[in-house]
Amino acid sequence: MSRRQTTDNRQQKSDVVSLVACCLLLLVWPLSAVAVETSLHGFVQGNYSMNTTEDNPDGKDFKWSEERAQVKLEATADQFSLFIKGDAFHDNIDKHSIMELREGYADYTSEKWDARIGRQVVTWGVGDLLFINDVFPKDFAAFFSGRPMEYLKNGVDGAKVGLYPGFASFEFIAVPYFEPNKYPDPSRFRMFDPMASITNRETQDPYRDFHKAEKALRVYRDVAGFDASLYYYHGFSRQPSVLPDNPVAPTRLTLFYPELSVYGASVQGRALDGVLSFETGYYDSRQDRHGTDPMIPNSQTRYLIGYQRQLWEDFTVGAQYYGEHMQDHSAYVQNLPSGFPREKRLHQLASVRLTQFMIHQTLRLSFFAFYGLSDRDYLLNPEVKYNLTDSVWIALGGNVFGGGKPWGQFGQFANNDNVYAQARYEF
Amino acid sequence: MKKIFLLAAALITVVFVSGHVHAMTADEIMKKSQAAFLYPGADLKARVMMKLVSKGGQERVREMMMLRKNYGQPGGEQKYFMYFFQPADVRNMTFMVYKYPGKDADRWLFVPAINMVRRIAAQDKRSSFVGSDFTYEDISGRNLEDDTHAVVKDEKIGDCDCTVIKSTPKAAEMEYSYKLSWIDKGTFLPIKEEYYDKKGELYRVFSADEIKDVKGHPTIIKRSMKNLLSGHMTEVSFLKAEYNVGIEDSLFTERYLKQPPKRWIE
């Protein structure tokens, strides 16, 4: 716990340092006598999410409560540009204020190639809230706490090079500083923990070694009217695995991020009067290729099929089927310590999204649901969003979890139902 | 047989010599109108301001750069690239359409907040464009073969001598039963359009409010669509418009959707 706070603090500190560095760079840049064009935009917002079933494990009533301001600064000169997206917010639950560099990068663009260096958000794949080849950092706590959707994605600190030779496009990304996913905080969310009694835990530092830089490649082009992509990733799982000091009577747990490679593909295009998507990926768990280590996820094949269609004016429906097939299930079962819930060989999930716009698309009613076909648990997310004016919008919604077993993907969150409100003034 | 040829030749001569547009069929007029309205130039760059005005007078503004390129003859394939300046919550969004004659278009949307390009499912015929009174079809045009066209009469609107054409959708799927178009005999631009519902009542009116010559192409630089049932209307102005600006094919790709070239959105 204390270890994680140190990591968080260091993260914040490095954010502030990069933010200041970027601002200085922007200030100095105009001196270089090149015509620089700048723009400044941003927002202020309030975001609150209240428990409806039970309070947080630490006794608080809110999953999220903050006031936030964001500034987006862009400067362009010739083929170069700089972009900074910085947030400052006050957290009413933990009563502190924090600055956060959401994105901050420099771009170079030429006809045949381009490059982007710095903190950047990368989104790959064709799933709707289902990620196979989008191996980049996510904040699931934000998603479950009723924050605006953009906070589900976190940036990577790295370099991206794009090559456009014509027959296909290439995107290569190198990330020297590993950034894990963010999961719900045990002080704010009631969750299943098979080793809850062991409180002595430490997180092995995310890798900051240049030789261990994550590498990701995407090659994409049009194939017979479909958008086709191939993906490759070499790095680490962003979900921590747990290593007990003693497998029989553990007293201390170490959280670490196992080595992972992903090989994948996707296609998306117009079919059956709608948009059809298909994506697959092979998750090569490099530290557990035989599937015998119960503490490291087995290799998997993941796939999804999605279909989206407009049924009537301003009403769209989307549905997805998703599967995770474990490679060495028998080895996994043989080595699973007693007392641990056993995962199925095939883990299946379905989702549906309904979106209806009204009043000239200023009012949006939406409903998103996950249903665990294997676990029989669910997550429901209804939301109403209204643009009061061109610069002010409000959104009200809820997250409802339940069903299945108390350790299921969504079932374990059964006592975390919340209603949330978001209000934003954007300029 | 020979007689028929002679007759045809005589007819053609009469049409050309007398210059009577009247002799053109409704289909021919609509074809020329489509070319003049939606296909002038090899490409078009226009800064577009859309004002959505509610019955109560509340205004919402959408401002975008629209880049359009023709592929082949008028009535053929077109590609659209749109970049949004305002409102603030869609600023920096881009939208791309590959429009094909006779089948649904391909559309992509770029959402900058999460750096994501996504295909979107939307049917041309029933979808409002950014919440305005214009449908996608009003913006990029309707397939002429989807309607039967008939000349109704000649009528003057202001100084414009117009031919009035009645277009009736062949399929029953449309929300209107027919449309009347006032096509200017000189420029072939639609000066006014009236949409009638299934009960035969007028409910939607298009009007070309200002026409200017842009590089030799008469261009509607101010237009409006009014919904008589809701009282809502949308005014569209071209703040700047230019033809034959040399838009490259490569603009219409995911790369530039994510990073629109500055020179095209200025």
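Trainee: How far apart are the end C-alpha atoms of helix H2 of chain B?
Mentor: They are 18 Å apart. This is a predicted model, by the way. The helix covers residues 26-38, and 13 residues at 1.5 Å a residue should span 18 Å, so the two values agree.

Trainee: Which residues in H2(B) are buried?
Mentor: Ala26(B), Ile29(B), Met30(B), Ser33(B), Ala36(B) and Phe37(B) are. They cover an arc of only 125° around the axis, so they sit on the same side of H2(B).

Trainee: Switching to confidence: what's the mean pLDDT of chain B?
Mentor: It's 90, and 91% of the residues of chain B reach 70 or more. For the model, ipTM is 0.90 and pTM is 0.90.

Trainee: Where in chain B does pLDDT stay under 50?
Mentor: Over residues 10-21, for which the model has 4 contacts beyond four places in sequence. Where pLDDT is low, the predicted coordinates should not be read in detail.

Trainee: Okay, how many residues does each chain put into the contact between A and B?
Mentor: Chain B gives 28 and chain A gives 31. On the chain B side, strands E2 (59-71), E5 (103-111) and E6 (116-119) are the elements that give two or more residues. By class, that side has 11 nonpolar, 8 polar and 9 charged residues.

Trainee: Where's the cis peptide bond in chain B?
Mentor: It runs from Gln86(B) to Pro87(B), with omega near 10°. Pro87(B) is in the loop between strand E3 (77-86) and strand E4 (94-100) of chain B.

Trainee: Now chain A. How many helices and strands does its secondary structure come to?
Mentor: There are 3 helices and 21 strands. The C-alpha trace of chain A spans about 70 × 50 × 45 Å along its principal axes.

Trainee: What does the radius of gyration of chain A agree with?
Mentor: With the value for a compact globule: 427 residues would give one near 22 Å, and chain A has 22 Å. Of those 427 residues, 30% count as buried. Also, 58% of the chain A contacts with a separation of 6 or more are between residues 24 or more positions apart.

Trainee: What's phi of Lys95(A), and is Lys95(A) buried or exposed?
Mentor: Phi is near 50°, a positive value in a residue other than glycine. Lys95(A) counts as exposed because it has 7 C-beta neighbours inside 10 Å. Its place is the loop between strand E3 (80-91) and strand E4 (96-109) of chain A.

Trainee: What about phi of Leu129(A)?
Mentor: That one is near 60°, again positive in a residue other than glycine. Leu129(A) lies in the loop between strand E5 (113-120) and helix H2 (140-144) of chain A. With 16 other C-beta atoms within 10 Å, Leu129(A) is partly exposed.

Trainee: Last one: what is Glu54(A) in contact with, leaving aside its neighbours within four places in sequence?
Mentor: Arg190(A) and Asn415(A). Glu54(A) is in the loop between strand E1 (37-51) and strand E2 (62-77) of chain A, and it is exposed, with 12 other C-beta atoms within 10 Å.

Definitions and conventions:
Residues are numbered from 1 along each chain as its sequence is written. Chains are lettered from A and ligands numbered from 1 in the order in which they are written. This is a predicted model: local features need pLDDT of at least 70, side-chain atom pairs count only at pLDDT 80 or more; totals for chains, interfaces and linings use all residues. Helices (H or I, at least four residues) and strands (E, at least two) are DSSP runs, numbered from the N terminus. The radius of gyration is taken over C-alpha atoms; the globule rule is 2.2 Å times the number of residues to the power 0.38. A residue is buried if 20 or more other C-beta atoms lie within 10 Å of its own, exposed if 12 or fewer, and partly exposed in between; C-beta atoms are placed from the backbone. Two residues are in contact if their C-beta atoms, placed from the backbone, lie within 7 Å. Ala, Val, Leu, Ile, Met, Phe, Trp, Tyr, Cys and Pro count as nonpolar, Asp, Glu, Lys and Arg as charged, and the others, Gly among them, as polar. The expected span of a helix is 1.5 Å times one less than its number of residues. The arc is that of the directions from the helix axis to the C-beta atoms. pLDDT is the predictor's confidence in each residue, from 0 to 100.
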